[in-house]
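Reader: Can you walk me through this model? I'd like the ligand sites and the overall fold.

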Amino acid sequence: MPNTVLIGSQWGDEGKGKIIDVLTAQADLIVRYQGGSNAGHTVIAEGEKRVLRLVPSGILHEGKTCVIGNGVVMNPLDLIEEIEMLRKTGIECRGRLFISTRAHMVMLYHRALDRADEAARPEGKKIGTTGRGIGPAYAAKVSRSGLRCGDMLLPEFPDLVREQVEETNRKLAILNAAPLDAEEMVRTYIEAAERLRPYIVDTIPLIHAADRAGKSILLEGAQGTMLDIDFGTYPFVTSSNPTSGGACVGSGLSPRRIDRVVGVIKAYTTRVGEGPFPTEDFGEIGRTLAERGHEFGAVTGRPRRCGWFDAVVARYAQMVNGVDFWALTKLDVMDTLPEIKICVAYELDGKRIEDMPASAGQLARCKPIYETMPGWLEETSHITDLAQLPLKAKAYVERLIQLSGGRLGILSIGPARESTLRVGI
Ligand code: GDP
Ligand code: IMO
Ligand code: MG
């Protein structure tokens, strides 16, 4: 398989975990390149469901190597928990999982800051973060005060943690939040460092050696295009670059070595947390999609907001990521709908617009312009070939692809590995 970047095309939770798992069969090395344990990637294989937050979703395939790249913000305590969860279900990460020495760490004090910052924001300014400390960890990285995974290997690591906690306590005091116990934290992280030491390596030579040897690299994005710090609905975004450009800076693989981009996209739209969402449906349709699609956060359990497919979002994602192939997921969720709408453009201040506006304020004022198609009212989850798809479902899929640009590569009609039709890839 050619070197492939896989990205989320909407506001996250598109089914990336499932599609990565499917594509891993043909890959050798799977690399997470951004985000942290704000991600929740569900993989259902051999009847067992696992939710991965930091470990690449390729881990379930025996013999594949997984990398947590330099662009990820890695929470050592969450990772230890995840490695244990995998071990209990028969999957050993040791010798197969490698963490970049350059990846920054998310510490308990980042979580405290994340939560205190959210609590201090007035209504309307809250982001609705996952509370996992992602923003503060990336802020520390950019302000050149963060700790990196490689620091865990240094003898002065305890002093570095102590310094950071003391600095954080000064910030927490300004936010009227309780201070943290520096010594307790130092003990926690010394123990974590001992456990993670064997996994921490310089992953750049590892990735390049694999590439030179002709191995196939699959780069796993977390979150989605509309949550990108640059391209998303700022400030209602995450703090990293989930888009395909992020794959290079977050892994150290050159753009010249990326062969193709796969965009995962749901047959409808969801969003968790705050921020504009033009096609959000507050009525019966929203409830049906949420129920049939089990639209609750894989990690936080928060209900996801639901609505119709937004082709303006899809076209934008196609443009900024250079999507070659779409992996269209959750078509089966729409099986019971008699009528289906697609947002083809927006109306902004009385004018029709086809392109994504640059500001969240403008997007919040956009009204979707819909096109309506008949529903197929037939179950699709059992089909094994595109030819078996009800004609109306086929027409819907074709229209989505036509409006979005690019080509269909994968159609997903259920959560399990088997419920996947490979079309063009
Ligand atoms: P990710 O964050 O992009 O990996 O997505 P999540 O795992 O957070 O959410 C996707 C949810 O949809 C999970 O519960 C998956 O098991 C489920 N899922 C994925 N593909 C399909 C599909 O084609 N049909 C249905 N019904 N569920 C799916
Ligand atoms: P996966 O990889 C959906 C959202 C949060 C919030 C915003 C910022 O499973 O698709 P953060 O904690 O990152 O500072 O929160 O981003 N968010 C996600 N929404 N799926 C995710 O990951 C998300 N990760 C963050 O809800 O609106
Ligand atoms: Mg998710």
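Author: Below we go through the model, its ligands and a few local details. It is a predicted model: local features need pLDDT of at least 70, side-chain atom pairs count only at pLDDT 80 or more, and totals for chains, interfaces and linings use all residues. Residues are numbered from 1 along each chain as its sequence is written, chains are lettered from A and ligands numbered from 1 in the order in which they are written, and side-chain values use heavy atoms, with hydrogens and water left out.

Reader: Fold first. How many helices and strands are there in the protein?

Author: Twelve helices and 20 strands. Helices are DSSP runs of H or I with at least four residues, strands are E runs with at least two, and both are numbered from the N terminus. The radius of gyration is 21 Å, close to the 22 Å that the globule rule gives for 425 residues, so the protein is as compact as a globular protein of that length. That radius is taken over C-alpha atoms, and the rule is 2.2 Å times the number of residues to the power 0.38.

Reader: What box do the C-alpha atoms fill?

Author: Roughly 65 × 50 × 40 Å along the principal axes.

Reader: How much counts as buried?

Author: 56% of the 425 residues. Buried means under 20% relative accessible area, exposed over 50%, and partly exposed in between, with a 1.4 Å probe and protein chains only.

Reader: On to ligand 1. Which residues come nearest?

Author: Lys 16, Gly 17, Thr 42, Asp 332 and Ser 412, out of 19 around ligand 1. A residue is near when one of its heavy atoms lies within 4 Å.

Reader: Which polar atoms face the oxygens of ligand 1?

Author: A polar side-chain atom of Thr 42 is 2.5 Å from an oxygen of ligand 1. The side chain of Asp 13 has an N or O atom 2.9 Å from a ligand 1 oxygen. A polar backbone atom of Gly 40 also lies 2.9 Å from an oxygen of ligand 1. A polar contact here is a pair of N or O atoms within 3.5 Å; within protein, one must be able to donate a hydrogen and the other to accept it, and residues adjacent in sequence count only if both atoms are side-chain atoms. Of the 580 Å² of accessible area that ligand 1 has on its own, the protein covers 93%. Areas use the Shrake-Rupley method with a 1.4 Å probe; for residues, only the protein chains shown count as cover.

Reader: And ligand 2, which residues are closest?

Author: Asp 13, Lys 16, His 41, Thr 130 and Thr 238, among 20 that surround ligand 2. A side-chain N or O atom of His 41 sits 2.7 Å from a ligand 2 oxygen. Gln 223 brings a backbone N or O atom to 2.8 Å from an oxygen of ligand 2. The protein buries 98% of the 550 Å² that ligand 2 exposes when taken alone.

Reader: Switching topic: where is His 110?

Author: In helix α3, residues 108-120. His 110 is buried, with a relative accessible area of 4%. Leaving out residues up to four places away in sequence, His 110 touches Met 105, Gly 133, Pro 136, Ala 137 and Ala 140. Contact means heavy atoms within 4.5 Å.

Reader: Last one. What caps the N-terminal end of α10?

Author: Asp 310, with a side-chain oxygen 2.9 Å from the backbone nitrogen of Val 312. After α10 comes Gly 322, with a positive phi near 65 degrees.
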